[in-house]
Amino acid sequence: MQETTATAQAMNVLKDIQGAVFTKAEPEVKLAHIMQILAQSFKADATACYVSVDDNYLELLSQYGLEGYPHKGNIRYGEGFIGEIAASQRSLFRTGIADKTFKMSKAFKAALGAPLLRWNRTFGTIIIIHKDEHQYTQTDVETLETVALFLTSVLSSDEMLEYKKKLVKSRGLKVKDHLKGVILNKGYGIGHAVVHQRRQALTKIFAENKQAELDRLEDAKERMNKSLDEKFNATRLGIGEHTDILETYRMFAKDKGWYQKISTHIENGLTAEAAVERAYEDTWNRLSASSDIYLKERLHDLRDVADRLRTFLSGEDNKSEAPQRYDDIIIVAQTMGPADLMDYDYKKIRGLIIEEGTPTMHVAIVAKALNIPVIAKIRGIFKDVKEGELLGLDGQEGFVYIDPPEDIIQKFKSRQKNMSLLLEQLKALKKYPNKTLDGTRINLNINVGLDFDFDYLDSTKCDGIGLYRTEIPFMSSESMPDVEKQIGFYKKLMDKAGNKRVVFRSLDVGSDKRLPYWSDMKEDNPAIGWRSIRITLDRRAILRKQMKAFLRAAAGKELNVMFPMIASLEEFLDAKETLMLELEKEKKKGENVPSKVRVGLMIEVPSIIFQLDDVLQYADFISVGTNDLAQFIFACDRGNPRITDRYDVLSAPFLRVMKTIVEKADAAKVECSVCGEMASNPVEAMVLIGLGFRKLSVSGSAYGPVKSMIRSLRVQDIAEYVKTLLKSPKKSLRPQLIAYAHDHGIAI
Ligand code: PEP
Ligand code: MG
């Protein structure tokens with residue numbers, strides 16, 4: 001290929017490839033033609049295109065000139081030259097080096113390959129191969145990368161995806177019928193797949209008229225923001241944390257810096273659509289390596305804004321209402337912004353599958369508010385699922401069934417029905433007390449943080465608020481809230497709670513809970529780093545201000561303050577003293593103080609269990625934070641999906657720890673509760689009661705199921721049964737406990 005610029009070279013190749021794509025030929029013929037064009041354009045002897053399957057390995061999709069030479073049909077990520085391109089997502093070239101994937105040393109002397117990247121994921125690789133020694137220029141690399149960009153769009157068409165699927169099946173590769181993911185919101189759903197892909201294939205990359213592109217950008221930006229304003233103003237979601245999320249999103253869609261970046265790429269010769277992609281990629285490259293979950297959430301929102309903007313650029317916005325051919329839909333997205341969900345008729349949404357989802361993801365929070373089950377982290381599903389395909393979503397166990405057989409469909413339908421029945425029963429349950437069949441009263445509280453959690457105070461008739469995660473309003477503020485602002489948050493809850501007890505937890509930030517206005521501190525082990533009480537004891541002014549705000553918000557009423565992540569008695573006494581000093585100051589100033597102040601701590605760090613007898617002498621109550629406690633007892637990161645299922649709190653070691661805690665608290669006559677997620681699952685809650693816990697604090701949505709369980713339980717019996725399990729060597733006692741519940745008619 002003669003030495004021209006990469007742009008000119010790429011334009012020539014793309015013109016020829018486009019010619020091949022728009023013929024009426026069968027996919028394999030088109031692909032073979034494209035491979036040949038590539039070989040000719042690069043004066044290469046052979047070319048190959050591999051596509052990724054399951055994000056683990058590559059399958060040869062098409063080739064030119066490799067017949068008769070040994071080459072592999074499938075290659076693991078990381079294996080040899082081709083696998084390395086897929087794994088590293090970088091272009092690479094090799095000259096004269098032996099490679100496991102084909103005998104380059106004998107037959108071929110040089111190869112250049114580029115990754116096919118679709119939405120930041122490896123979609124495949126494209127390779128050009130030479131028999132003789134060959135030096136690749138930077139222009140060759142850039143040209144191949146631009147070709148790869150276009151080829152990805154070609155291969156993402158329905159026709160090509162279908163061909164790929166058939167090819168993979170015809171090679172006898174196992175196609176899984178159900179896949180395991182991570183549950184972000186519980187429930188069951190059955191419906192037709194709607195593949196959420198707002199993005200159109202990039203057909204035109206280089207601009208002919210820069211000014212025209214800039215004008216198109218300006219026009220699309222204006223129309224997009226107008227439509228967003230209209231969409232969000234027509235609120236149908238009620239008030240809650242999701243409202244703040246949508247507001248932030250709207251500001252994001254207006255961000256000047258972002259439009260400036262896009263304009264710069266247009267000035268450099270790209271079309272507006274390609275410039276949007278490049279601007280997104282720049283930001284993605286910068287931020288994706290960060291472990292800061294808030295930055296990552298921003299990336300999801302940015303992806304959504306970029307897609308939306310491209311819809312408006314292409315004029316497709318008139319059709320921006322997603323096609324809804326079915327009455328029951330399950331949306332499958334690689335990633336999704338919160339506004340995207342609002343493009344669908346939410347009454348038809350039976351579930352949401354987000355390949356790259358995380359619990360704090362904004363769209364997941366909005367979906368929760370709409371009661372839509374959500375499953376995340378199913379690798380490859382986005383690429384493999386087909387529009388309209390029937391999907392079953394089991395948001396209790398975390399499975400997605402593709403094209404489920406009739407028996408599974410029936411099972412889902414009956415479970416869906418059971419869930420609606422359960423909701424009805426729960427409404428009916430409201431008037432009954434939280435009492436077991438043998439008359440033990442269980443004090444059942446709820447955990448709150450988001451504004452919409454407060455509504456559970458009305459719908460549940462709970463005994464109180466066992467945990468108010470005060471970091472949530474801090475996290476959704478734009479800057480550190482001052483005392484006045486904090487009083488506003490706390491008083492709102494106190495007023496809503498009326499006579500019910502509210503436990504305020506002091507600021508529990510750090511690790512996965514970041515304050516957007518605090519610069520990110522890089523720590524090797526943030527979960528055991530500078531977080532929670534460690535921060536507030538070191539930054540005492542923050543703690544003092546929060547204590548003052550608590551005292552003022554609870555003026556004339558009982559105040560309950562709980563300190564998180566306490567690792568030693570000294571820490572607890574230190575924190576408690578800060579509260580007491582603030583109380584004294586308030587009294588001296590003549591302020592109206594709470595009628596009573598109770599001080600407690602969370603049991604989350606194993607060391608405190610070994611000092612519990614001492615601590616209990618100074619604490620009015622304790623509450624077990626099983627989320628953190630389990631992560632430290634098992635040394636198992638609570639946010640790492642790879643090891644989520646490795647250890648179970650329903651196993652002898654953890655149950656024995658819990659038993660020790662409740663027995664010590666009972667002996668010291670100190671109130672003891674569980675406010676971690678363990679209490680929110682009926683099976684676990686059943687075991688906690690069996691161990692002796694009489695106070696639980698659960699998430700609002702778990703209140704009903706836990707209450708039903710309590711009302712069908714006999715404490716004596718479960719206590720006896722749990723005792724028999726405490727020496728079990730089993731990694732998980734869950735199956736036995738579920739069987740026990742079924743045998744004894746306990747509603748779990
Ligand atoms: C816990 O760790 O169990 C807990 C309730 O606190 P958080 O989940 O907020 O860390
Ligand atoms: Mg915790």
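**Figure 1. Surface and overall make-up of the predicted protein model.** The protein exposes about 32,900 Å², and carbon and sulfur atoms supply 50% of this area; accessible areas come from the Shrake-Rupley method with a 1.4 Å probe, and for residues only the protein chains shown count as cover. Of the 748 residues, 54% count as buried, where buried means under 20% relative accessible area, exposed over 50%, and partly exposed in between (1.4 Å probe, protein chains only). The protein has 28 helices and 22 strands; helices (H or I, at least four residues) and strands (E, at least two) are DSSP runs numbered from the N terminus. Among contacts with a separation of 6 or more, 67% join residues 24 or more positions apart, a contact being heavy atoms within 4.5 Å.

**Figure 2. The magnesium ion (ligand 2) and its protein donors.** Glu604 (OE) and Asp628 (OD) coordinate the ion at 2.0 to 2.1 Å. Glutamate 604 lies in the loop between strand S19 (596-603) and helix H21 (606-609), whereas aspartate 628 belongs to helix H23 (residues 626-633), so the pair ties together parts that are 24 residues apart in sequence. Glutamate 604 is buried, with a relative accessible area of 2%, and aspartate 628 is buried with a value of 2%. Donors are N, O and S atoms within 2.8 Å of the metal (3.2 Å for Na, K and Ca); water is not among the atoms, so sites may look incomplete.

**Figure 3. Helix H25 against helices H27 and H28.** The axes of H25 (residues 682-691) and H28 (residues 734-743) come within 10 Å and cross at roughly 85°. H25 and H28 are therefore roughly perpendicular to each other. Their contact involves Val683, Glu684, Met686 and Val687 of H25, together with Arg734, Leu737, Ile738, Tyr740 and Ala741 of H28. The axes of H25 and H27 (residues 715-725) come within 8 Å and cross at roughly 90°, and these two helices are therefore also roughly perpendicular. Here Met686, Val687, Ile689, Gly690 and Leu691 in H25 meet Val715, Ile718, Ala719 and Val722 in H27. Axes are lines fitted to C-alpha atoms, for helices over the stretch in contact, with angles from 0 to 180 degrees between N-to-C directions. Angles under 35 degrees count as roughly parallel, over 145 as roughly antiparallel, 65 to 115 as roughly perpendicular, and the rest as oblique.

**Notes.** Residues are numbered from 1 along each chain as its sequence is written, and chains are lettered from A and ligands numbered from 1 in the order in which they are written. In this predicted model, local features need pLDDT of at least 70, side-chain atom pairs count only at pLDDT 80 or more, and totals for chains, interfaces and linings use all residues, while side-chain values use heavy atoms, with hydrogens and water left out.
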